[in-house]
Amino acid sequence: MAMVFQETSLVPPMTVAQNLYLGRLAAAAPPIVSYAAMAQLAETWRAKMNIKSINVDARVIEMSGGNQRKVAIAKSLVQSPRMVIFDEPTRGVGRELFTFWSFRHLFHPILFQSVGGRNLHKAP
């Protein structure tokens, strides 16, 4: 389970890549840090979430509130949670991210994964 709070749980002086990697560590990722893997993870989620930053080495504190919120959402999603609890996650985020189709595409791996041979989106 992951949570996205109204107030972000980011470390402002750290970069986008470092904050996203903290999310992976919360999901019991190996503690050995590979910069290449961290940068690749961040670049993948930067594209998925349409995070506007110069690069993944940009410090979160230098980003707009909406982009910080996107990083916070991505930080929870890199954990591959079975459930995500949101507390006003779209506050300050551009509308383009949360259209029905983009929301469905973003959360598809979570919403439509199979558990115990049953697909979660189908009735029992």
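This is a predicted model: local features need pLDDT of at least 70, side-chain atom pairs count only at pLDDT 80 or more; totals for chains, interfaces and linings use all residues.
Visitor: What pattern does the protein follow, read along the sequence?
Guide: The protein has four helices and four strands. Read along the sequence, they follow the pattern β-α-α-α-β-α-β-β.

Visitor: Among contacts between residues at least 6 apart in sequence, what percentage join residues at least 24 apart?
Guide: Contact here means heavy atoms within 4.5 Å. Take the contacts between residues at least 6 apart in sequence; the share joining residues at least 24 apart is 63%.

Visitor: At what angle do the axes of helix H1 and helix H3 cross?
Guide: Two packed helices are described by the angle between their axes and the distance between the axes. H1 covers residues 16-26 and H3 covers residues 65-77. Their crossing is right-handed. The axes come within 7 Å and cross at roughly 35°.

Visitor: Which residues in H3 meet H1?
Guide: The residues of this contact divide into five nonpolar, two polar and one charged. H1 brings Val-16, Asn-19, Leu-20, Leu-22 and Gly-23. In H3, they meet Val-71, Ala-74 and Lys-75.

Visitor: Is Lys-75 buried or exposed?
Guide: Lys-75 lies in helix H3. Beyond four places in sequence, Lys-75 touches Ser-9, Leu-10, Asn-19, Leu-20, Leu-22 and Gly-23. The cut-off for buried is under 20% relative accessible area. At 12% relative accessibility, Lys-75 counts as buried.

Visitor: How many of the 13 residues of H3 are buried?
Guide: The buried residues in H3 include Gly-66, Asn-67, Arg-69 and Lys-70. H3 is largely enclosed by the rest of the structure, because its buried residues number 11 of the 13.

Visitor: How far apart are the end C-alpha atoms of H3?
Guide: H3 has 13 residues. At 1.5 Å a residue, they should span 18 Å. The model agrees with that, with end C-alpha atoms 19 Å apart.

Visitor: Within what arc do the buried residues of H2 fall, seen down its axis?
Guide: In H2, the buried residues are Met-38, Ala-39, Leu-41, Ala-42, Trp-45, Arg-46 and Met-49. An α-helix has 3.6 residues a turn, so residues three or four places apart point the same way. The buried residues of H2 line one face of the helix, because seen down its axis they fall within an arc of 160°.

Visitor: Which exposed residues does H2 carry on the face turned away from its buried side?
Guide: Helix H2 runs over residues 35-49 and reaches 21 Å from its first C-alpha to its last. That is close to the 21 Å expected for its 15 residues. The face turned away from the buried side carries the exposed residues Ala-36, Gln-40 and Ala-47.

Visitor: Where is Ser-80, with its positive phi, found?
Guide: Ser-80 is not a glycine, but has a positive phi of about 50°. Ser-80 is exposed, with a relative accessible area of 58%. Ser-80 is found in the loop between H3 and strand S2 (84-86).

Visitor: How far apart in space are Ile-51 and Gly-66, C-alpha to C-alpha?
Guide: Ile-51 has its place in the loop between H2 and H3. Ile-51 is buried, with a relative accessible area of 4%. Beyond four places in sequence, Ile-51 touches Trp-45, Arg-46, Met-63, Asn-67, Lys-70 and Val-71. Ile-51 and Gly-66 are 15 residues apart in sequence; C-alpha to C-alpha, they are apart in space by 8.7 Å.

Visitor: Which residues is Ile-61 in contact with, leaving aside its neighbours within four places in sequence?
Guide: Ile-61 is found in the loop between H2 and H3, partly exposed at a relative accessible area of 49%. Ile-61 and Thr-15 are 46 residues apart in sequence and 8.4 Å apart in space, C-alpha to C-alpha. Leaving aside neighbours within four places, Ile-61 is in contact with Pro-12 and Gln-68.

Methods:
Residues are numbered from 1 along each chain as its sequence is written. Side-chain values use heavy atoms; hydrogens and water are left out. Axes are lines fitted to C-alpha atoms, for helices over the stretch in contact, and angles run from 0 to 180 degrees between N-to-C directions. Helices (H or I, at least four residues) and strands (E, at least two) are DSSP runs, numbered from the N terminus. A crossing is left-handed if the near helix is turned anticlockwise from the far one by less than a right angle, and right-handed if clockwise. Ala, Val, Leu, Ile, Met, Phe, Trp, Tyr, Cys and Pro count as nonpolar, Asp, Glu, Lys and Arg as charged, and the others, Gly among them, as polar. The expected span of a helix is 1.5 Å times one less than its number of residues. Buried means under 20% relative accessible area, exposed over 50%, partly exposed in between (1.4 Å probe, protein chains only). The arc is that of the directions from the helix axis to the C-beta atoms.
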